[in-house]
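Morning, everyone. One chain today, and I'll keep it brief. Here it is.

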Amino acid sequence: MTRQIGGCLCGAVRYAVNADPIRTTFCTCRYCQKHTGTPMNMLVGFASANFELTSGETATYSHISEGSGNAVHTHFCPLCATVAYKTLDSFPNFVGIQGGTFDDPD
């Protein structure tokens, strides 16, 4: 098991995960395109039991998915607006961390 840490651009929001990822997803849905301003979004998925917000607090934007009708919750730093992770009503025991927010991108 690997401990991985990361956080937002300004450093106010920090997290840790104490597990290897369950999956990595490159999503090209319209929501992810608009959300990131790029052709795709990269989420690295973990069981929520292995995720810990270690400092700071996030603001949350909730969006109803056109595909499933369930909410996608985007958790971001209220100071620098970096999106750190997402939670999904469709997968309540899952946290999708934005790949670029890990301290070690490898």
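Start with burial: of the 106 residues in the chain, 36% are buried. Buried means under 20% relative accessible area, exposed over 50%, and partly exposed in between, with a 1.4 Å probe and protein chains only.

Some ground rules. This is a predicted model, where local features need pLDDT of at least 70, side-chain atom pairs count only at pLDDT 80 or more, and totals for chains, interfaces and linings use all residues. Residues are numbered from 1 along each chain as its sequence is written, and side-chain values use heavy atoms, with hydrogens and water left out.

Now the fold. There are 1 helix and 9 strands. Those are DSSP runs, numbered from the N terminus: helices are H or I with at least four residues, strands are E with at least two. The order from the N terminus is β-β-β-α-β-β-β-β-β-β.

Dimensions next. The C-alpha trace spans about 35 × 30 × 20 Å along its principal axes.

On to contacts, meaning heavy atoms within 4.5 Å. Take those in the chain with a separation of 6 or more: 47% come from residues 24 or more positions apart.

Last stop, one cysteine. Where is Cys 10 found? In the loop between strand E1 (3-7) and strand E2 (14-18). Cys 10 is partly exposed, at 43% relative accessible area. Leaving out residues up to four places away in sequence, Cys 10 touches Cys 77, Leu 79 and Cys 80. Ala 59 lies 49 residues from Cys 10 along the chain, and their C-alpha atoms are separated by 15 Å.
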